[in-house]
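Reader: I'm new to this one. Can you walk me through it?

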Amino acid sequence: MRLLIATSNPGKASEYRAALEPCGFELSSLADFPPLAEPQETESTFRGNARLKADYYFEQLAVPCLADDSGLEVDALGGRPGVRSARVADSDRQRIAVLLSWIHEAEAQRGTLPRTARFVCAICLRLPEGRIEVEGTVQGQIIDTPRGSRGFGYDPIFYYPPRRKTFAELSPSEKNRLSHRAQALRRLLAKIQTSRQAANPRRPEKKRKGSQSEASRSSLRLCNLA
Ligand code: IMP
């Protein structure tokens, strides 16, 4: 399937490329098309913004489009910056400094606060026949001193306890298996497989109680995301 990855964020684009190209998707990027104004992300949810972007590029360019919206929800900040994660400041380094300053301010006013946080990713795949929408999340903790040089965005202060590393210390392939984007992609691939089977029901699938569907298992095998 040919697919436009509708993002101008190079960090995200390379993660999608790494995950989807081995699955046989032929990916194009916005750079392969004449320049277009970016749509305003006016919705208050990740899902709403992903849908808004996928619909916009599909209507402008008439090709299957994958768009996402993602960000960081920090519990001590009541879920901020959330859908505004990219708008906190102009560079990753500044975004991290501003976020930490907000947490320190909140702690100065309210005492010790939980450092729990989660990355959220909503993906909308817009096809001529309709939309497929999924979400993925990954839980972690915000640390005060950035660690690691990989990844992008808030990765250096997002500590992932099961690996005892920040996301910026994970190898790209580890992050591509564990991240919120990977979770959402797994769900997307399973849904694509299910809808292909629904459109071509010659080999009905036997459901086994408590197990993943064959569609979902073969998507995972196909893309090495399991
Ligand atoms: P979007 O382009 O509106 O989805 O903005 C997402 C913003 O959230 C990015 O600019 C990053 O600051 C942050 N973000 C999303 N995903 C990640 C990630 O995997 N690692 C680190 N930061 C992320």
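Reader: Which residues does isoleucine 5 touch, not counting those up to four places away in sequence?

Author: This is a predicted model. In it, isoleucine 5 touches Ala13, Tyr16, Leu27, Ser29 and Leu66, with residues up to four places away left out.

Reader: Where is isoleucine 5 found?

Author: Isoleucine 5 sits in strand β1, residues 2–5.

Reader: Is isoleucine 5 buried or exposed?

Author: Buried. Isoleucine 5 has 22 other C-beta atoms within 10 Å, and the cut-off for buried is 20 or more.

Reader: How far apart are isoleucine 5 and leucine 30?

Author: In sequence, 25 residues. In space, 7.2 Å from C-alpha to C-alpha.

Reader: Back to Leu66. What does leucine 66 touch?

Author: Leucine 66 touches Leu3, Leu4, Ile5, Ala6, Ala54, Ile123 and Leu125, again without residues up to four places away.

Reader: Which residues have the most contacts inside the largest nonpolar core?

Author: Ala54, Leu66, Ile123 and Phe158. That core has 44 residues.

Reader: Which strand gives the most to this core?

Author: Strand β4, residues 116–127, with 8 residues. As a rule, nonpolar side chains in soluble globular proteins tend to be buried together.

Reader: Helices now. Which residues of helix α1 are buried?

Author: In α1, residues 10–20, the buried ones are Glu15, Tyr16, Ala19 and Leu20. Seen down the helix axis, they fall within an arc of 115°, so they line one face of α1.

Reader: Why would residues three or four places apart point the same way?

Author: An α-helix has 3.6 residues a turn, so residues at that spacing point the same way.

Reader: New topic. Where is glycine 151?

Author: Glycine 151 is in the loop between β5 (130–142) and β6 (158–160).

Reader: Why does glycine 151 count as buried?

Author: Because glycine 151 has 20 C-beta neighbours inside 10 Å.

Reader: What is glycine 151 in contact with, leaving aside neighbours within four places in sequence?

Author: Gly11, Phe167, Ala168 and Lys175. Take phenylalanine 167: it is 16 residues from glycine 151 in sequence, and 6.9 Å away in space, C-alpha to C-alpha.

Reader: Zoom out. How many helices and strands does the protein chain have?

Author: The chain has 6 helices and 7 strands. Along the sequence they run β-α-β-α-β-α-β-β-β-β-α-α-α.

Reader: What share of the chain's residues is buried?

Author: 34% of the 226 residues.

Reader: And what share of the contacts with a separation of 6 or more joins residues 24 or more positions apart?

Author: 58% of those contacts.

How values were computed: Residues numbered from 1 in each chain as written. Predicted model: local features only at pLDDT ≥ 70, side-chain atom pairs only at ≥ 80, totals over all residues. Core = buried A, V, L, I, M, F, W, Y, C linked by C-beta atoms within 7 Å. Buried ≥ 20, exposed ≤ 12 C-beta atoms within 10 Å, placed from the backbone. Helix = DSSP H or I, 4+ residues; strand = E, 2+ residues; numbered from the N terminus. Contact = placed C-beta atoms within 7 Å. Arc of directions from axis to C-beta.
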